[in-house]
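Hi everyone, thanks for coming. Let's take a quick tour of a few spots in this one, starting with what's on the screen.

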Amino acid sequence: MSTTTVRLTVAQALVRFLSAQYTERDGVRHRLIAGTWGIFGHGNVAGIGQALIEYAGDMPYHQGRNEQSMVHAAVGHARHLNRLSAQAVTTSIGPGATNLVTGAALATINRLPVLLLPGDYFASHAPDPLLQQLEHPVEADVSVNDTLRPVSRYFDRVTRPEALIPSALNAMRVLADPAETGAVTLALPQDVQAEAYDWPEEFFAERIWRVRRPAPDPAELAEAVRAIRAAGRPLIVAGGGVHHSEAEKALKSFVDATGIPVASTQAGKGSLRHDHPADLGGIGHTGTAVADGLARTADLVIGVGTRYTDFTTASGTLFAHPDVRFLNLNITAFDAHKLAARTVVADARAALEALGEALTGHRVDPAYEAEYRAGKERWDQVVEAAHRADDEDAVPTQTQVLGALDAVVGDDDVVINAAGSLPGDLHKLWRARSPRQYHLEYGYSCMGYEIPAGIGVQQAAPDTVVWSLVGDGTYLMMPTEIVTAVQEGLPVKLVLIQNHGYASIGGLSESVGGERFGTAYRYRIADGSFSGAPLPVDLAANAASLGMDVLRAKTVRELREALGTARASGRPTCVHVETDPSPTAPPAEAWWDVPVAETASREAAVRARESYDRQVADRRLHL
């Protein structure tokens, strides 16, 4: 091995190292760190900032406006590329670093890779206390960056130059690991960033991290085959792992051969095209009637790449068959063992292919197949009714907005959402036409995700039309990255739905006895109550002031025209539409546990608790 060294600062060495990292799966290579987002201040401006200039030809730099938003953009990029490529995010010490926490939690909960490089205190402690330094009375090595520990899959504070080598290698290992990935944090003391060191040349050599596809264990596979052959009413629950492993074709082949129907989580929607006869749509609290109906009578639930959140299981009330059992195909043993399941701990594509081969000739009963196909046809009529607008000159409802968008999008367009009432409507009603069209962040359901994630997806797929769907509440949370889209010339399409309040949480508040307290955008009047008039905010004007082209639509007809114009535009474009708040989405088909006050004097809460007690009685522990 060569002993040649090169003298660089720690920050320069890190940027040069990151520029030479690649992933490879199925013979296809990707840059592991495709670019770096950054907002500079003391703590990173003279270290990482200088290094990014030094190696500008090797590491693309993107300027953000909010640290949380930069992480969201990186997450959107990684998800669209099936976790085979990630981005880094660098921030200053202090609020720049703590603003990363929400984005890091979102990334880790959704099992999506992002590299965080926050500035930190001086390792030497020479100028303590610094501006923005957290002083802990008994732990001098604690900084605000320690808030990132519980939301990171790997964390290290690099307090000496030579410590960067093992730390950087471990960071890449976790980012490229299909079972362990998530947010990775390398906290970088600002004096260490600028310190020079003689680095071995081998550290900067091109390195390939192969993303493995572990095959099923033969014993687990054999047990899974026996379980499927014995089942009379099997149901597949497709999760995000289907997309991450690019298992959509394997799933389709498996379903075509066996006739087993598929319901999908928010992360798994699009695993089958919406018009496949076995695709039942979303499952759980925001699921379709046909999917939830079959879930209640399924005797075998086959989870593929899902972590079974409370929305999927209807808080433990959905899978009601007295003898229901679970079979989970998951690359992560932690998720595979949920619900006391039989397990196949393997890559989703490898597992489906192996199961399909072992089940050659097996197919569900024709009566069961006819049953779920008829249910699918009935639900398709519900979708058509929700999308349909009989009066083209009327103010559209939210579901009619989705119908208008459905009529405009191409098969490969991407639709992004995360929070509010839209996720429920989309899960029930959106007709996904390709594996990556439906992009819902519902692991953390983070308001403000949609616009920066749209930027990240647009960077990952420059020729793809990207739609970020936001309500007024989400828009007000984090519109600042509109400026970044304008600066970088990214033609993200923003559909801004104005319904004058927290439509989602307002409805939830009413259903659980909260009486919509604190959930409306209304004027407060003298007696402390609120008037019926909406606030005089103009979000369209705000988007225009940030550099977007803005199209205002007041009717269904104008909305269709505006969406078509926006899709054809090569600039960041916002379609603003004020909607009729009348509820037009199908009601929830399954419960969701939001605890209600056990004792209260107000009648609304008393009635809500009575309903809650009836629902919670149906919860099951699957053992």
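Okay, find Arg436, which sits in the loop between helix H17 (422-429) and strand E19 (438-440). Helices here are DSSP runs of H or I with at least four residues, strands are runs of E with at least two, and both are numbered from the N terminus. Before we go on, this is a predicted model, where local features need pLDDT of at least 70, side-chain atom pairs count only at pLDDT 80 or more, and totals for chains, interfaces and linings use all residues. Residues are numbered from 1 along each chain as its sequence is written, and side-chain values use heavy atoms, leaving out hydrogens and water.

So, is Arg436 buried or exposed? Buried, at a relative accessible area of 13%; the cut-offs are under 20% for buried, over 50% for exposed and partly exposed in between, with a 1.4 Å probe and protein chains only.

Who does Arg436 touch? Arg79, His80, Asn82, His243, His244 and Val414, skipping residues up to four places away in sequence. Contact means heavy atoms within 4.5 Å. With Asn82 there's also a side-chain polar contact of 2.8 Å, meaning N or O atoms within 3.5 Å, one able to donate a hydrogen and the other to accept it, while residues adjacent in sequence count only if both atoms are side-chain atoms.

Next up, Thr36, in strand E4 (residues 33-38). Thr36 is buried too, at 3% relative accessible area, and its contacts beyond four places in sequence include Leu52, Tyr61 and Thr90.

Last stop, helix H1 (residues 10-18): eight of its nine residues are buried, among them Val10, Leu14 and Phe17.
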